[in-house]
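Have a look at it first, then read on.

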Amino acid sequence: MRSRIAALLVTLLASAMPTAALAQAKFKLKPGAGGQACLECHGAFADQLRKASVHTPVKAKECTGCHNPHASDHKALLGADPSRSCLACHAMVPEGAKSVHQPAAEVRCTGCHDPHASPNKFNLVKPAGELCASCHAKLTQAAAKAGAKHRPVEQGCTTCHDPHASTSAPHVLKKAVPALCVGCHKVDKPVFAKRHFGYDVSKSDCVSCHDPHGSSRRGLLYDKVHSPVAKGMCSQCHQAPGSAAGFQPKQAGVPLCQTCHGPKVAQILSKNRVHAAALAGDACLECHSPHASKVKGLLRAEPARTCGSCHGDTMRRTAAAASKHQPVADGDCTSCHDPHSGDAPLLFAKASVLDTCGGCHDWLKHASHPMGEKVKDPRNRNLRVDCLSCHRGHGTGYKKMLLNATQTEMCTKCHEKYQR
Amino acid sequence: MPRDWKISIGFAALLAAATARAQAPVLTHTVSIYEDEKGQPLKAPEGVACGDGERLVVADTGNGRLLRLLYRNGVVSGGTPLVLSQLPYPVRLQLDGQGVLWVLDRKVRRIGRVDASGAFAGYLEVKGVPPESVVPGAFKLDAGGNVYLLDLAGVRALVLDASGAVQRQLDLPKKPAFFTDLAVDPAGTVYAVDASGGAVWSAPKAAKAFTLLAKGLKDNMSFPGSLTVSRGRLYVVDQNGDGVVVLGLDGTYQGRQLGIGWSEGLVYYPGQLCLDEGGSAFLADRYNNRVQIFSMKK
């Protein structure tokens with residue numbers, strides 16, 4: 001037992017020692033010999049040392065802090081796997097982090113940082129804003145074009161986000177909303193209350209109405225705003241300002257939405273099959289934002305993401321398919337499906353498969369394999385031949401979304417006499 | 001505990017698991033039901049009830065009717081249609097011990113009862129919670145006449161007595177989980193299947209909440225739509241993955257059967273599965289417009 005404790009202490013002490021010092025001892029280098037010896041061959045590397053931001057071991061010319069001068073199983077003669085080399089000194093993702101930036105989660109440190117030196121702060125490979133935009137281009141372009149800009153965005157992404165991980169909030173935010181927002185926006189100021197129609201929104205989810213990255217609308221509201229919000233008629237859905245119930249809605253679920261969207265709700269509920277999401281839990285709010293959204297129809301996210309939050313299996317299968325149906329590739333589920341309800345199978349928006357496909361494909365009008373109500377499927381007497389007899393609507397591993405690898409294999413499933 | 005004992009116990013557990021897996025029943029197609037007694041084809045049937053002697057009832061959902069049949073010695077007979085205005089779109093069925101057929105109707109979003117003569121015997125009225133707050137997504141009956149109701153709106157399982165009075169409420173996890181069916185075993189343990197997460201939750205008879213029984217099954221079941229418990233196993237119908245997944249009551253994966261297709265023995269967006277005491281499995285093969293009957297051989 002004592003020997004175990006001793007070993008543990010040695011390990012702890014070793015891990016506490018600077019990597020460079022360990023390397024110095026490991027390679028029995030003469031004091032000061034490390035980097036100087038390397039520069040004799042790697043002379044061009046001296047330029048690195050003149051850059052504005054130089055990695056500490058490089059500045060100390062302790063090349064052996066990361067590299068093995070003799071041989072290595074890793075690229076660039078690194079002393080360890082590249083991910084482990086960085087983690088030896090920089091534990092950037094704390095245990096139990098609530099959200100982690102993808103490159104940090106995958107320990108792809110060199111995606112953002114130059115391990116030697118850089119003209120940019122923190123050894124970033126590009127200036128910070130430009131670096132974030134290299135992956136988050138859609139977001140940064142929209143923010144740049146926004147008529148109403150949020151000042152922290154102009155100051156840089158790291159004003160609100162931690163580039164590595166967050167222990168307290170999603171989206172690698174430094175704090176969760178609204179704590180992050182109220183750090184700058186003083187909720188006790190009269191103007192704040194006035195702009196929120198007298199409601200105490202200090203504990204509300206600010207980003208359910210406001211786009212923190214910028215917007216073309218006044219007050220940084222998302223582009224698509226629910227009509228009562230746009231008109232400042234919050235009390236149409238919420239209890240009156242100052243009421244004991246706070247900011248609670250007057251009713252929960254469908255009945256509240258029904259007060260304005262009665263005909264639409266009635267039409268949805270009149271169908272044989274109502275999409276379970278429209279009945280479950282928060283009903284309409286499962287998919288729609290009650291306040292504002294970036295997406296048409298006040299959807300909480302792009303259609304594919306909204307649908308994929310329950311139908312992840314379909315999304316994964318489709319993503320893996322070699323041939324995809326164009327609307328599926330575009331994430332436009334509602335091209336074929338009614339997201340609310342329907343009488344047709346699979347919540348198709350049209351009565352039959354042929355009607356659904358015929359909306360875009362006019363094969364039946366000129367030349368096609370016989371299809372329709374009069375054409376029985378030889379495999380099953382209760383089926384008629386339609387597009388889905390040979391294709392899958394989302395996509396398959398084979399060309400043209402066919403069910404089989406070759407046309408022969410597929411056709412002979414019905415035309416058995418041609419089987420070889 | 002001595003090390004060799006641990007090894008022996010571990011080996012025995014592995015052997016037992018392997019044996020259980022090896023003994024998981026195999027579904028072998030015997031016969032299919034395609035039409036009623038007058039030859040009208042089935043259309044998108046979603047439900048099937050069995051287990052009351054030789055009686056078999058099909059929810060011929062797309063045709064908005066029920067079909068009453070007999071299944072004896074591997075032969076299906078009958079097929080008398082029953083159209084009830086109160087149950088225009090039946091999707092889930094179960095026969096109780098008194099021969100009453102319980103029907104979940106997706107259009108009216110209520111559970112109705114049909115007596116042995118085929119007459120509508122009223123809707124189940126849920127008492128003890130605001131009725132408008134309940135949207136049934138699935139239900140099961142136990143031998144004692146209790147009703148286990150999956151409430152989509154409340155995201156919970158309600159245990160009701162035969163009169164509809166709430167006896168117990170078991171909350172289910174909310175989004176991203178999405179529950180499509182529940183089942184109850186003879187010991188009173190309630191199981192619920194999360195289609196979105198590929199997980200099964202369970203609550204023993206005295207439990208006040210569900211606990212996770214099996215997770216990470218998404219690779220084995222794409223979007224489970226129906227759950228049945230029989231003889232110490234859970235049978236999960238994988239609606240979007242076109243198959244039946246067999247789990248132990250402890251959630252262990254024991255195998256997957258059937259596959260997508262249009263010929264007999266294959267399925268296309270299957271619905272409810274019913275298992276009878278005689279070792280037959282009845283599966284509503286929804287978008288193949290038929291009900292398939294399988295024998296369950298080990």
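Asn73(B) is exposed, with 6 other C-beta atoms within 10 Å. You'll find Asn73(B) in the loop between β4 (65-72) and β5 (75-82) of chain B. Its phi is positive, about 50 degrees, although Asn73(B) is not a glycine.

Before we go on, a bit of housekeeping. This is a predicted model, where local features need pLDDT of at least 70 and side-chain atom pairs count only at pLDDT 80 or more, while totals for chains, interfaces and linings use all residues. Residues are numbered from 1 along each chain as its sequence is written, and chains are lettered from A and ligands numbered from 1 in the order in which they are written.

Now hop over to chain A. Val172(A) sits in the loop between β4 and α10 of chain A; helices (H or I, at least four residues) and strands (E, at least two) are DSSP runs, numbered from the N terminus. Phi of Val172(A) is positive too, near 45 degrees, and this residue isn't glycine either. Is Val172(A) buried or exposed? It counts as buried, because it has 21 C-beta neighbours inside 10 Å.

Pro178(A) lies in the loop between β4 (165-166) and α10 (179-182) of chain A.

Finally, see where the chains meet. Chain B puts 27 residues into the contact and chain A puts in 20, with two residues in contact if their C-beta atoms, placed from the backbone, lie within 7 Å.

How values were computed. A residue is buried if 20 or more other C-beta atoms lie within 10 Å of its own, exposed if 12 or fewer, and partly exposed in between; C-beta atoms are placed from the backbone.
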